[in-house]
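Q: I would like to learn how to read a structure step by step. Could we begin with the contacts along a chain and go on from there?

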Amino acid sequence: MKKSRIISILSASALVSMVVVGIPSAAHAAGPLCDGKVPINSCQGATSDSAPYVMQVPANFNGTLVLYSHGYRPNVPVPAGIPGYGGYTVTNTPQPGPLVGGKDTSVIAYLLGNGYAIAGSGFARQGWNADSAIATDVELIGAFKAQFPATKHVVAWGESLGGFITQGLAETHPTLVDAVAPMCVADNVGAELTMAGDFLWGVKTLFDPTIKGGNYSAGAAGYAEAMGDLVKFFTVIGKLQAGIATGAWPDTSSATGKALAAAGVPSRSALLLLGLMAGLPTQSAHFDSISGPAGALKVTFPLAISPALAILENGANAGALAVLALSDVENQAGGAIFDNTKTDYAARVASDRVIFNAALSGDTAIDAMLGALSSANPGAPRAVGNAAAIAKMNALQANTGKINVPTITMVGVADPITPAGSSVRIAQAFAQQYADEKAAAFKDYAKTHTYEPPKKDLLSLWSTTPSAYTTFDSNGSPISTTPAAPGTNHCNFTAAQYLVVAKELVTAGTTGSFLGGGTLMNLVRKAKNLSIDPFFDAPLLKYYQQ
Amino acid sequence: MIGINRRRLLVASAVLATGGLVVSTVPAQAFSPHSEVGVTNSAIKLGVTIPLTGAASPGYNKVPSAMKAYFDYVNANGGVNGRKITLVVKDDQYVPTLAVTQTNDLILKDKVFALLAPLGTANVKAVATRVNPGRRGVPVLFVNTGYSGFAVKKTYPTTFTMLPSYIVEAKIMAQYITETYPGKKIGLLYQDDDFGQDALAGFKQAGLSLAVKVPYASGSQGVAGVPATWIQKLSAASPDVVILFGVSSATAAALGTAAVMKYAPKWILGSVGGDATTIKASGVPAGVLYGATGASFLPATTDTTDEYIKLFQSINAKYNNNAVFDNNVLVGMNTAFVTVQAIAAAGQNLTRKGLIAAIEKNGAKFASAGLAPLNYSTTSHVGYNGYWFGTYSPTGDLKPNGGVYTVYTTDSGSGAIVKSTYKRPAMPADGLPTQP
């Protein structure tokens, strides 16, 4: 497998170069050491867990610190030659703000230019690190305030796992932050790994049973197994891609898969079903499930093929995440943490099987596939987790979605790693919280005759896809070399979209209220591909639908 | 055919895209001073998504213009409670994801008051799931699908069906077949989704024994060679009677292929796929249809003794470019006719909630061309519930057997199939509903 046959798994912010040159880790809290330059005073240091951090403070510092938490970075190196991200080395380089497209510092420049200080840690360990990262952020806030006593407000934001850390910070330490913005926020670890694990299990079960798919050995042996799984996973993804049009199954398919192939079920339908079972979006960077090439495939393509291609693109992200994150969390928890022994995949796709019936090749094919994947089929053995390890995983930081301070969420409606349902879960939790607080306020009114309405402290922004965006060459083949469409891919935001969040964040942090009404509408409209539709809905992660 | 350079995908996924469209955040437009979305003192805006292009569009693409024609007729006669109706039409190509996008646009950009007559089980389901008009309080009037689930008020609180459910149709069809062809061997071609599942449920409920069942995946009727496999499977089982319970393009593919293969059982066509002009437009000679049995809940399109047909034909001539007056045009006009009554019944202070309440309260009494009753109430969002059977003439026109519309009604459950005694309300003068 050549490196060119790759589909990326990681967010732009996760792997790309950082704003600040990395500094050596300290063995204990150190610094900050500031260069005292004007107009930007840059400081470096490390928290007591040896996590390096950076602070940048403009000369016209206005008293508000904007703390950033970066997203998921694998906690193991990925040897060169392994598809996807071969050559990655573990890094804890601190990152003080979002980088548009992985390199554009315009959002950071905006903040500094307007008198806001920024800071961010590289965190002491990579992988799923929410518990330690929250502690690091808490310490970093203290270090900043100590260094810059003029600090009046602290707001925090982050992306992906960094969004989860940010939300966790607000839930566990609400007095330390005045407003937060969890962007493309990850869900709780169990929910995320259920999504990724389901897809990986399905690929293993149908397309390549030699994929281990979790329950990796300890130590070096487990590392080798995981890396081997990555190779196999991307290899089979390549074979599925090659067979999209014809429906051909990979030669590595299991007996269960081959039986489905013999029954006339196209591999693309099986791939789509796996994606729907896992809860992956059916729109991806280049496939909108809407457009078709001119000619005979104008409708057939979006109806029967495009959804599978979308799952192929999105599933590459999910499967790779599954290998890396399962391996990491298994190491932390001490055993297998993915368990689908009780999962009812048929129930999970009850609605989607109607909507994507044509692409799934009809009810007969769907029932055949679900039968093949059912727990009753010995040819599709379920993954059995380790109860103690699962309990340990579930004891990791779990966010409830409680809103303690003004909060802004933003996510792409077709984000394949942190689906929009993660942000919807926060919105739903807040809707209940608001209703409860309103009821309590009414109750108080009976006693005090003073009505204090609860504050609407959640602003949900949805990065939307264009109406249609798949393009085709003159032969009618889809083009997948263009930039990912807005609303797709992981944390795929424009500078303008980040700035909407930034402006709302600092405003809410300093005034306690959002920019609303016409001001918000203008910001959103100018940013493009952004919605504040209060009725926007997306399914929660399948973990919550079991 | 499909080539993807995954190296470029890697690059693409790490690069942020910047172009695109504003999807949903259009500021409040000039639809005040009336407080309801899509309603002014002089206008009401409705929206429909339907396949105007693509393989499924033949026939269905005539529905919106027919609805518009009736609205234009009403508008020319003063509108409804002084308001004129506009209909925003969007092409969904029968692709669910596109239906979602188009419906989002209708609600958020076009700011329609209500959705009208969206077509297709998968599309309506996709919209219900992804756009959720029920949660938004947006009425979804008279969906163009007979899937029985859409009448479940608890799940789809703002949705009203109009077509009899596929279960109802299958139950009544089963009784007709049992009585007309006792002891004969029956075959079935059906769409392999909820549309077909409803049909299977209805046939089972009515006790019809099917010697051979051939499912087809939606969309596969357009794939070269596939219809021939249907006919091979059917003919291998040698049924005397074959039911075609699919969309018109599948009916046309089956009939056309069967004619080529010289396979000629007694054909019985479901109402969805039984529109003769659509079938003929697909290249199937009218003669192939001759003698086949069809079903409908509306009068025959050629029945000029029917006051509704006469009115609709005159409106069609004046406001619809005198389009071929087929079942699609008839369904479109009748849907618009019922819609206008619903809006009128909701009164001067038109709101979405008021519209839904008006249909629940008065809908069962609405006049319409339907020969079976409407069943709307506070607990039911079920439209028509009956069918009559007829035979296709040499020119492909469906005429009632014996020259009389003998309508049978039933429900989507285990209710009995009964000969209807329903007396259709007289058409309001000039086909213009009385307004409060």
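A: Two residues are in contact if their C-beta atoms, placed from the backbone, lie within 7 Å. In chain B, 71% of the contacts between residues at least 6 apart in sequence join residues at least 24 apart. This is a predicted model, in which local features need pLDDT of at least 70 and side-chain atom pairs count only at pLDDT 80 or more, while totals for chains, interfaces and linings use all residues. Residues are numbered from 1 along each chain as its sequence is written, and chains are lettered from A and ligands numbered from 1 in the order in which they are written.

Q: How many helices and strands does chain B have?

A: Helices (H or I, at least four residues) and strands (E, at least two) are DSSP runs, numbered from the N terminus. Chain B has 14 helices and 16 strands. Its radius of gyration is 22 Å, close to the 22 Å from the globule rule for 436 residues, so chain B is as compact as a globular protein of that length. That radius is taken over C-alpha atoms, and the rule is 2.2 Å times the number of residues to the power 0.38.

Q: What share of the residues in chain B is buried?

A: A residue is buried if 20 or more other C-beta atoms lie within 10 Å of its own, exposed if 12 or fewer, and partly exposed in between, with C-beta atoms placed from the backbone. Of the 436 residues in chain B, 59% are buried.

Q: Which strand is joined to S11 of chain B?

A: Two strands pair if DSSP finds at least two bridges between them. Strand S11(B) (residues 374–376) is joined by three bridges to S12(B) (residues 381–384), and the two run antiparallel. They form a hairpin with four residues between them. Leu374(B) stands opposite Tyr384(B) in S12(B).

Q: Which residues of helix H16 of chain A are buried?

A: In H16(A) (residues 517–527), Leu523(A), Val524(A) and Ala527(A) are buried. Down the helix axis, the buried residues fall within an arc of 95°, so they line one face of H16(A). The arc is that of the directions from the helix axis to the C-beta atoms. Gly517(A), Gly518(A) and Lys526(A), on the other side of H16(A), are exposed.

Q: What covers the buried residues of H16(A)?

A: The cover includes helix H15 (495–511) and strand S12 (530–531) of chain A. Just after H16(A), Lys528(A) takes a positive phi of about 70°.
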